[in-house]
Amino acid sequence: MKRNAFNLLIFSIYIFIGGENIESLFTEANTLYQKGDYNQAIKSYESLLGQDIDNSILYYNIANAYYNLDQLGHARLYYERAKIYDFNDSDVNYNLNTLEQRLIDDVLVVPDFFLKAIFKKIAYYFTAFEWSLVMLVSLYLSLCLFLILMFSSNIKTRSNSLNGLFLTLIILIISSCFLFFVNSSNMHLYGVLISDNGYVKTAPSKASDNRFVIHEGIKFKLIDEVDDWSRIELSDGNDGWIETNDFIKVY
């Protein structure tokens, strides 16, 4: 899969900061991956998670290892986790598209209304952190321009400050909307089926009727949970109940 050389370059920065222990673990994981010992490579990469390191790189490498093991459910899970850090990451999206072509289920995606599609495209152009920076910078500029407007005695300066204040306030409002949208989207819970297949039922009970069958690697939204059952919704709007141990939550 793509981006392994790029991952090594970026991760070297964290190695320099994190010390020899991180370096040895990451080197070991890369060596195991290159030798084709993907199971041990996964364990080594997982041992580095949560150590103030860019987890998106680790998730991406873990996903690649699972893909080479032909475990498409786990590979999809970790690609989706890597995508959380950068929705527009071209390498993650490329590998996800490659993986989806191998899945059994071909679920129709209901297209968004064109205005909503444009809004989403702009919103996901930046990450939540980047939108936060835009919002903070525009807020800071707005305060500065407001102070100039209040205390300047020069008419031209006051006029320019007022025009600039309107512009920065508009940017502040728009960036706040996009930030809220990205954060609220990330709050939705999703799952990925890791078992070979899952029987989606009409009610949270093994005795209930089957509505349809889904297969390894499919992603769905989580709506509700009752005991050992979860209600899911596919991208085409179909929903039902599935046993919770058949899937793993993306986040």
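Predicted model: local features only at pLDDT ≥ 70, side-chain atom pairs only at ≥ 80, totals over all residues.

**Entry 1: phenylalanine 247.** Phenylalanine 247 has 6% relative accessibility, so I noted it as buried, the cut-off being under 20%. I then placed phenylalanine 247 in strand β7, which covers residues 247–249.

Next I asked which residues phenylalanine 247 touches, not counting those up to four places away in sequence. I found Gly191, Val192, Leu193 and Ile194, along with Phe220, Leu222, Ser230 and Ile242. I also checked the spacing to serine 230: 17 residues along the sequence, and 9.7 Å from C-alpha to C-alpha.

**Entry 2: the largest pocket.** I looked up its volume and wrote down about 1,700 Å³. The lining has 45 residues, and Phe87, Lys120, Tyr190, Lys219 and Ser235 are the closest to the centre. I sorted the lining by class and got 21 nonpolar, ten polar and 14 charged residues.

Which element gives the largest share of the lining? I found that α5 does, with five residues. Elements that each supply at least two lining residues include α6 (90–100), α7 (114–123), α9 (155–186) and β4 (219–226).

**Entry 3: isoleucine 122.** I went back to helix α7, where isoleucine 122 lies. Isoleucine 122 comes out at 40% relative accessibility, so I put it down as partly exposed. Leaving aside neighbours within four places in sequence, I found isoleucine 122 in contact with Trp131 and Phe178. Phenylalanine 178 is 56 residues away from isoleucine 122 in sequence, with 8.1 Å between their C-alpha atoms.

Technical notes:
Residues numbered from 1 in each chain as written. Heavy atoms only, no water. Helix = DSSP H or I, 4+ residues; strand = E, 2+ residues; numbered from the N terminus. Buried < 20%, exposed > 50% of the residue type's maximum accessible area, 1.4 Å probe, protein only. Contact = heavy atoms within 4.5 Å. 1 Å grid on protein atoms, 1.4 Å probe; cavity = no way out; pocket = protein on both sides within 12 Å on 5 of 7 lines; lining within 4 Å. Points joined across faces, edges and corners; volume = space filled by probe spheres on them. Nonpolar A, V, L, I, M, F, W, Y, C, P; charged D, E, K, R; others polar.
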